[in-house]
Protein chains: 2
Amino acid sequence: MIKHSRQRDAILDYLHSTKSHPTAETVYENVRENIPNISLGTVYRNLNMLAESGDILRLSCGGTSDRYDGNPEQHYHFLCKECGRVSDLEMSGLEHINVIAGAGFGGTIEGHFAYFYGCCPECNGEKAN
Amino acid sequence: MIKHSRQRDAILDYLHSTKSHPTAETVYENVRENIPNISLGTVYRNLNMLAESGDILRLSCGGTSDRYDGNPEQHYHFLCKECGRVSDLEMSGLEHINVIAGAGFGGTIEGHFAYFYGCCPECNGEKAN
DNA sequence: AATCAAAACAATAATAGTTACTGATATTAA
DNA sequence: TTAATATCAGTAACTATTATTGTTTTGATT
């Protein structure tokens, strides 16, 4: 069980309050509204600890900075090539693809991570106008 | 059609000669054996151009540095949590998961990228000893 | 082969994201 | 309440990558 601190709780609260998959920098900016003198180093340290402990997810989806997700349940993400937004995908698990991947491979497949990309509903709407 | 240069060809040759999915730094070290005064900036610039033109693949799989693959054909990769090695997976495409992901999602799914992880054949062998 | 503009080069400075260090402060278990 | 430990703020350092600059190479055209 992970210890508590005002800073850590505030970071976790912020992540729970949004579906926007923010970067460390964005977390910092938002948490600073409540704890003005929190330092960026503290944000990084706690994001790392929370990701390590499994309380949040770290998303490394190829951009310049990692993103974080307050929902630690296994789920998939979608990256919009138009606006850069990262959104959740509601879909049933793809555990079976581990079996497909393991066929003929000598090693042990423990899991996978996958990102989908394209054009999000909002940007599709704008194009239609 | 992309222009040629001694440096660019050497980078591409090296990537074609290995299945090890090297980082930019590793490419640099190896190409330097043939072109001792090539600069790291040139390696980065050419890796970007080759990835852009579709001649190689860039793998952003969550580590600190990107990796590159001289085989531009769509295929999947496996990351060993023991030794850090990145290997190719021989498996049939997973295009159907785009359809699964798109069900009930308002946007347009153009593609996905996925990485599998676990313990590679080599490391499994060592554990057995 | 000589010319010439575009592209690429080496070298290096700069940037961005992240991690490490330090002495001070807060948290937790007893 | 206290003592041990973890965390903090502030800041320096580090790493991967990109940008800049003046020079050289490339390749199409004579």
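**View 1. Surroundings of DNA strand D in the predicted model.** DNA strand D is surrounded by 26 residues, the closest being A:Gln7, A:Gly41, A:Thr42, B:His4 and B:Gly41. Two or more residues of this surface come from each of helix H1 (6-17) and H3 of chain A, and from H3 of chain B. H3(A) provides the largest share, 5 residues. By residue class, the surface near DNA strand D comprises 6 nonpolar, 14 polar and 6 charged residues.

**View 2. Surroundings of DNA strand C.** Around DNA strand C lie 26 residues, of which A:His4, A:Gly41, B:Gln7, B:Gly41 and B:Thr42 are the closest. The element giving the most is H3(B), with 5 residues. The residues near DNA strand C divide into 14 polar, 6 nonpolar and 6 charged.

**View 3. Domain 1 and domain 2 of chain A.** Domain 1 of chain A spans 6-69, and domain 2 spans 76-128. The centres of domain 1 and domain 2 of chain A, taken over C-alpha atoms, are separated by 22 Å. To the contact between them, domain 1 of chain A contributes 5 residues and domain 2 of chain A contributes 5 residues. On the side of domain 1 of chain A that touches domain 2 of chain A, the residues are 2 nonpolar, 1 polar and 2 charged.

Terms used:
Residues numbered from 1 in each chain as written. Chains lettered and ligands numbered in written order. Predicted model: local features only at pLDDT ≥ 70, side-chain atom pairs only at ≥ 80, totals over all residues. Near = placed C-beta within 6 Å. Helix = DSSP H or I, 4+ residues; strand = E, 2+ residues; numbered from the N terminus. Nonpolar A, V, L, I, M, F, W, Y, C, P; charged D, E, K, R; others polar. Domains from an automatic or database assignment. Contact = placed C-beta atoms within 7 Å.
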